[in-house]
Amino acid sequence: MVTFAYTIAGSEATGGAGFQVDLKTFHELGTYGMGALTCIVSFDPKNNWAHRFVPVDPQVIRDQIEAATKAQDLDTVKIGMLGHPETIKAVAESLRQQEWRNIVLDPVLICKGQEPGHALDTDNALRELILPLATVATPNYFEACTLAGMDSLNTVEDLEEAARRISALGPRYVVVKGGIDFPGDDAVDVLWDGEQATAYRTPKIGNERVSGAGCTLAAAITAELAKGTDIHDAVRIAKEMVTKGIDARVSAHTPFDTVWQGAYSA
C-alpha cells in the first residue's frame with residue numbers, strides 16, 4: 001500500500017533546500033511525495049549568492065492544494081517556506097478545509113530576500129495562523145530563540161525549555177534543532193512530547209552550516225509519521241538520515257555544501 005507525504009514549500013533552484021529536498025527525502029524513506037509550491041528562491045551568483053525571492057500567487061497555491069487533496073486521501077503534510085503574509089493566509093485557509101493527522105511545521109521565519117518590515121509581518125502571520133494548527137514544530141536555533149522569547153540556548157536544559165514554551169503555542173510535539181550554533185562538540189536536538197524531553201546527540205561533522213539539513217530533518221519526520229511511526233522513532237530516524245547526509249555532503253561552486261539524502265539508503 002502506498003503511503004503519501006505532502007509538502008507545502010518553496011522551490012530552491014540548486015536543489016539543496018526546500019521543496020526539492022522534501023521530495024527527495026520522502027522518496028528515500030519509501031513514501032510517495034506530492035506538494036504545492038509557495039515561492040521560488042534562486043541564489044544570485046553575481047551578488048554573493050544572495051537570495052532572489054518570488055512568491056507564487058495565493059490563488060495558485062490554493063489551486064495546487066485543492067488538486068492534490070482531491071486526488072488523494074492526504075493526512076500528513078510538512079509546511080516549509082511560506083515567505084509572505086498572503087501566502088500564509090492561503091495555506092491556513094486550505095489546511096482548514098479538511099482534517100490532518102499530522103501537520104509538521106518547519107517554521108522558516110526569515111528569508112534573506114525580504115525587507116525587514118515585510119519579514120516581521122510574515123513572522124507574525126506564521127505565529128498567528130499556522131503555528132496553532134501544527135502537530136509538530138521543528139524550529140532551528142534562531143527560530144526557537146525567537147518563538148520561545150529566549151536570548152540564547154546554551155545547554156540541553158535551554159533546548160528543553162524552548163521546546164516547552166513553543167509547545168504552549170499550539171504544537172503537540174516540538175523538536176528544537178541545536179545545530180551548529182549550539183555550544184560543544186555534539187549536534188543536539190531535543191524533542192518535547194508534551195510530557196518529557198528526549199535529547200538526540202551525534203558528534204558535529206565540521207564547523208560550517210550545510211544547506212538542507214533542517215529541511216531534511218523535518219521532511220524525514222513527516223515521511224515517518226505518514227507511515228505511522230512513533231514520534232520518538234521518527235525523530236531518531238530523521239537524525240540518522242541528516243547525519244549521514246551531512247557526512248556525504250555535496251559540494252558546489254556555492255560558498256556552502258548541501259546534504260545528500262541518498263546517503264541514508266546507500
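Predicted model: local features only at pLDDT ≥ 70, side-chain atom pairs only at ≥ 80, totals over all residues.
Figure 1. Residues are numbered from 1 along each chain as its sequence is written, and side-chain values use heavy atoms, with hydrogens and water left out. A pocket is an open set of points on a 1 Å grid over the protein atoms alone, where a 1.4 Å probe fits, with protein on both sides within 12 Å along at least five of seven lines; lining residues have an atom within 4 Å of a point. Helices (H or I, at least four residues) and strands (E, at least two) are DSSP runs, numbered from the N terminus. The lining consists of R62, I65, E66, T69, K70, E93, S94, Q97 and Q98, and the elements giving two or more residues to it are α2 (58-71) and α3 (85-95). The volume of this pocket is about 190 Å³, a volume being the space filled by probe spheres set on the points, which are joined across faces, edges and corners. By class, one lining residue is nonpolar, four are polar and four are charged; Ala, Val, Leu, Ile, Met, Phe, Trp, Tyr, Cys and Pro count as nonpolar, Asp, Glu, Lys and Arg as charged, and the others, Gly among them, as polar.

**Figure 2. S94 in helix α3.** Its relative accessible area of 13% makes S94 buried (buried means under 20%, exposed over 50%, partly exposed in between, with a 1.4 Å probe and protein chains only). Residues up to four places away in sequence aside, S94 is in contact (heavy atoms within 4.5 Å) with R62 and I65.

**Figure 3. The largest pocket, with a volume of about 1,500 Å³.** Among the elements that give two or more residues to its lining are β1 (4-12), β2 (32-44), α7 (213-226) and α8 (231-247). The lining comprises 48 residues, and N140, R209, V210, G212 and G214 lie nearest the centre. Its classes are 22 nonpolar, 14 polar and twelve charged residues.

**Figure 4. The buried side of helix α1 (residues 18-28).** The buried residues of α1 are G18, F19, V21, D22, T25 and F26. They lie on the same side of the helix because they cover an arc of only 160 degrees around the axis, taken from the directions from the helix axis to the C-beta atoms. Elements covering them include β1, β2, β4 (76-79), α7 and α8. Just after α1, G30 has a positive phi of about 80 degrees.

**Figure 5. G245 in helix α8.** G245 is buried, its relative accessible area being 0%. Beyond its neighbours within four places in sequence, G245 contacts V259, W260 and A263.

**Figure 6. N48 and W49 in the loop between β2 and β3 (50-55).** Phi is near 55 degrees in N48 and near 60 degrees in W49, each a positive value in a residue other than glycine. N48 is exposed, with a relative accessible area of 69%, whereas W49 is partly exposed, at 24%.
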